[in-house]
Amino acid sequence: MIKKFFTFLIMAIVATPLFAVTDKEMEEAKTIAAQLYLRYANDGSGYLDEVKATTMSELESKLKAKEKENIVAFKQVKVPSDYASWDKARLAEFWGVTFFASPNLTAKGKVARSRVKKRIEAMKISDKPAPVAVEEKKPEAEKPAAAEPAATAAETQPATLAEQEQILEKQEEILADQNAIANDEQERRPAKKSSSTWVYVVILIILIGVVVWLVVFAANMMKKQAEPLTRAGIGADPKELDKLQSKYNSAKDTMEQYRAAFEEEQKETKRLRNEVRALKEQLAALQSAPRRQQEAPAQPQPAPRRQPEPQPQPQRRPVAAEEQPAPRKTASEFYLGRVNNRGLFVRADRQFSPGHSIYRLETRDGLVGTFHVVDRPEVVDMVAEHPIEYLGGGCTAIDLEDTAALSNIVTENAGTAVFEGGAWKVLRRSRIRYE
């Protein structure tokens, strides 16, 4: 019995890993996770990129007010106490995956999980000296039957923890897939009508109301002017007849003027209705066209029917948007800058402008066009630093802020823009993914 006990003790010592995490290394890993979490939890925490700290106390002494509020939730997450038996992979897996599964952490801060895992995997874990044990010789007849269950129990516990971590990762992937499906369904819905279309409809309603009022007013005036002539008869005073005749002629002239104005309003109403119909047909054609037609160079197509040319309308110049070129009737392309908070592209150039151009827009009529992200290294470098600033207004993606391993930007569905108020405006954002 005593020999079996010593045999089990020797096997347990031999099974102990030679690499383990010290308190100092655990503190350094915790500091890395806290610094990157606070960096992405608040948009104004860019100063943390310059902070160098290896302990939580050093990091907290350099935090501002907002980060001191966010670190409270970080500290509330419980940390296992058996980290002395961890290796580097286990340490990186906990701080890069398991820790960020806590519901108390903010969604924006969880974007840093991949960066945390890479930083901790690059750490150096010190060697833990293996204990010296003297192995006793055992008789061949006696076999350590109790050692096998003990070794099996020692191996099953890490496997159980690994399975739990895999389950957490699968749950996160399922949530991400559900969010992506919801975003796709929203993007498949038909785009809202252009604001210019509603302007035309309101103008049509106002014009029709004014014309109806004028016709009713003229009819009432004619009735009032014709009644005295009918009642006067043949024996009426000639002077009174002349006065009535002059009033009748005046009312008749007024009615003719109203009639002419009514005909002009009808022509203008018909012209506006044709413009609205043409815009609706163009929008429907762009939304139903396949992706290969949107990415191919625009070529002039024979029009199925001749549409009336729109009359130049006075347009307001947007305050936030810069000067943009007027639309043309031939197929052309523009290089556009970022999108401001009003949905307007702040810059438009004929050629690619490094440091400014983000999108390339193609248009056939100068009124409606499709756009996608320019596939150039300069654009990738700009987006990697500030993805929300350059792509947030014109693109959608599953994880738009996660640009840790960004090397290429692929446009899956091109966006749609309209020329309105002297500037190009986003009508439907493009769908992209990172590679």
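Glu362 and Arg360 are both buried, where buried means under 20% relative accessible area, exposed means over 50%, and partly exposed is in between, with a 1.4 Å probe and protein chains only. Salt bridges that share partners also join Glu412, Arg431, Arg433 and Glu435 into one network. A salt bridge here is a side-chain nitrogen of Lys or Arg within 4 Å of a carboxyl oxygen of Asp or Glu. Glu362 and Arg360 form one too, and their closest N and O atoms are 2.7 Å apart.

Before going on, the ground rules. This is a predicted model, in which local features need pLDDT of at least 70 and side-chain atom pairs count only at pLDDT 80 or more, while totals for chains, interfaces and linings use all residues. Residues are numbered from 1 along each chain as its sequence is written, and side-chain values use heavy atoms, with hydrogens and water left out.

Now the overall picture. The protein chain has 12 helices and 9 strands. Those are DSSP runs numbered from the N terminus, with helices being H or I of at least four residues and strands being E of at least two. The chain has 435 residues, and 33% of them count as buried.

How many does the structure hold? There are 14. Asp49 pairs with Arg39, and the closest N and O atoms are 3.0 Å apart. Asp49 sits in the loop between helix H2 (23-41) and helix H3 (56-60), while Arg39 is in helix H2, so this pair ties together parts that are 10 residues apart in sequence. Arg39 has a relative accessible area of 19%, so it counts as buried.

Arg115 and Asp402 make another salt bridge, at 3.9 Å from N to O. Arg115 is in helix H6 (residues 113-121) and Asp402 is in the loop between strand S5 (395-396) and strand S6 (409-413), so the parts tied together are 287 residues apart in sequence. Are these two residues buried or exposed? Arg115 counts as buried because its relative accessibility is 15%, whereas Asp402, at 25%, counts as partly exposed.

Next, strand S9, which covers residues 430-434 and contains Arg431. Arg431 is a member of the network I mentioned, and it counts as buried at 7% relative accessibility. Its C-alpha atom is 4.8 Å from that of Asn413, which is 18 residues away along the chain. Ser430 lies in strand S9 as well, and Ser430 is buried with a relative accessible area of 0%. Setting aside neighbours within four places in sequence, the contacts of Ser430 include Phe371, Cys395, Thr411 and Asn413.

Another residue at 0% relative accessibility is Trp95, which therefore counts as buried. Trp95 belongs to helix H5 (residues 88-98). What does Trp95 touch, not counting residues up to four places away in sequence? Among them are Met26, Ala29, Phe74, Val79, Phe100, Val116 and Ile120. Between Trp95 and Ser114, 19 residues apart in sequence, the C-alpha separation is 9.8 Å.

Helix H8 spans residues 195-232 and includes Ile205, and Leu204 is in helix H8 too. Leu204 counts as buried at 13% relative accessibility, whereas Ile205 is exposed at 58%. Beyond its neighbours within four places in sequence, Leu204 is in contact with Thr269 and Leu272.

Last, the surface patches. They are made of residues with over 30% relative accessible area and no salt bridge, joining like charges within 9 Å and nonpolar side chains (Val, Leu, Ile, Met, Phe, Trp, Tyr) within 5 Å. Ile205 forms a nonpolar patch with Trp198 and Val201, and together they have about 310 Å² of accessible area. A patch of positive charge gathers Lys270, Arg273, Arg277 and Lys280. For charges, Lys and Arg count as positive and Asp and Glu as negative, with His and the chain ends not counted; the place of a charge is NZ of Lys, CZ of Arg, CG of Asp or CD of Glu. Arg273 is in helix H9 (residues 238-288) and is partly exposed, at 39% relative accessible area.

Methods: Areas by Shrake-Rupley, 256 points an atom, 1.4 Å probe, with all protein chains shown as cover. Contact = heavy atoms within 4.5 Å.
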